[in-house]
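Dear colleague,

Please find the structure below for your review.

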Amino acid sequence: HTSLTTLHLSYNRLTNVQVLAVSLARNQSSLLELHLDHNHLNTDTALALAETIRCNQRLQVLQLNSNQIHDKGGAAIAVALKENTSLRTLGMARNRLGMNTAVALLSALREKNVTLTRLMLCENPDMPDTMVRTCLYLVQANASGRYLLRNNDENNTDSGTVNMNNDKGGLWPLVLEGLEPSMIFFFLVEKPSLVPSNAGDIR
């Protein structure tokens with residue numbers, strides 16, 4: 001349906017929604033939110049949804065919590081995030097994800113994806129806790145405005161881009177002002193130039 005923006009299919013004992021995934025991958029829908037929690041979705045469906053994530057630039061919410069997605073499907077979804085800029089929320093809690101998914105998520109979030117701002121991964125016992133925490137930390141950084149780091153670095157010569165680093169201090173102080181300490185630390189590590197060159201001087 002071309003005007004449908006939210007679709008709830010949770011708690012329906014579904015095992016396969018590949019037809020829907022293919023349609024979404026072809027951008028044949030106006031759908032913004034797809035809720036598929038508490039079904040019996042398998043790895044084949046996850047692979048099809050990975051193609052949806054890779055190709056579809058409209059979908060903003062994809063909830064796959066409490067299904068039967070294995071590591072292969074989870075890893076495919078994670079890899080697809082490298083090519084996606086629309087998805088804001090991804091739920092994959094309470095599945096059967098493991099190390100491959102964790103590695104692929106870390107790679108996508110570290111190298112490419114700065115637009116995913118909510119990620120649910122709890123109760124996947126085979127995913128290493130330290131890697132899960134790092135993924136969630138990077139998603140929190142995305143929500144705090146991490147894209148500004150990349151945009152400013154990549155487009156600082158573009159006349160249409162806001163200059164975050166002008167000679168009067170730019171807009172970075174306003175960005176950092178409302179962040180919690182762990183996020184301020186993240187931004188300072190990612191962009192050391194935010195620390196004034198005379199910050200360590202004793203007057």
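Is Y137 buried, partly exposed or exposed? Y137 is partly exposed, with a relative accessible area of 26%; buried means under 20%, exposed over 50% and partly exposed in between (1.4 Å probe, protein chains only).

This is a predicted model, in which local features need pLDDT of at least 70 and side-chain atom pairs count only at pLDDT 80 or more, while totals for chains, interfaces and linings use all residues. Residues are numbered from 1 along each chain as its sequence is written, and side-chain values use heavy atoms, with hydrogens and water left out.

The structure holds two aromatic pairs (ring centres within 6.5 Å; planes under 30 degrees apart are stacked, over 60 edge-to-face, the rest tilted). The ring centres of Y137 and F186 lie 5.7 Å apart with their planes at 75 degrees, so this pair is edge-to-face. It joins distant parts of the chain, since Y137 belongs to helix α5 and F186 to helix α8 (residues 181–190), 49 residues apart. F186 also pairs edge-to-face with F187, at 5.9 Å centre to centre and 80 degrees between the planes. Both F186 and F187 are buried, and ring pairs link Y137, F186 and F187 into a cluster.

Helix α5 (residues 129–143) also packs with helix α4 (residues 99–111), at about 25 degrees and with axes 10 Å apart. The two helices are therefore roughly parallel (angles under 35 degrees). Residues of the contact (heavy atoms within 4.5 Å) include L105 and L109 of α4 and L138 and V139 of α5.

Yours sincerely

Methods. Axes are lines fitted to C-alpha atoms, for helices over the stretch in contact, and angles run from 0 to 180 degrees between N-to-C directions. Helices (H or I, at least four residues) and strands (E, at least two) are DSSP runs, numbered from the N terminus. Angles under 35 degrees count as roughly parallel, over 145 as roughly antiparallel, 65 to 115 as roughly perpendicular and the rest as oblique. Rings of Phe, Tyr and Trp (its six-membered ring) pair if their centres lie within 6.5 Å; planes under 30 degrees apart count as stacked, over 60 as edge-to-face and the rest as tilted.
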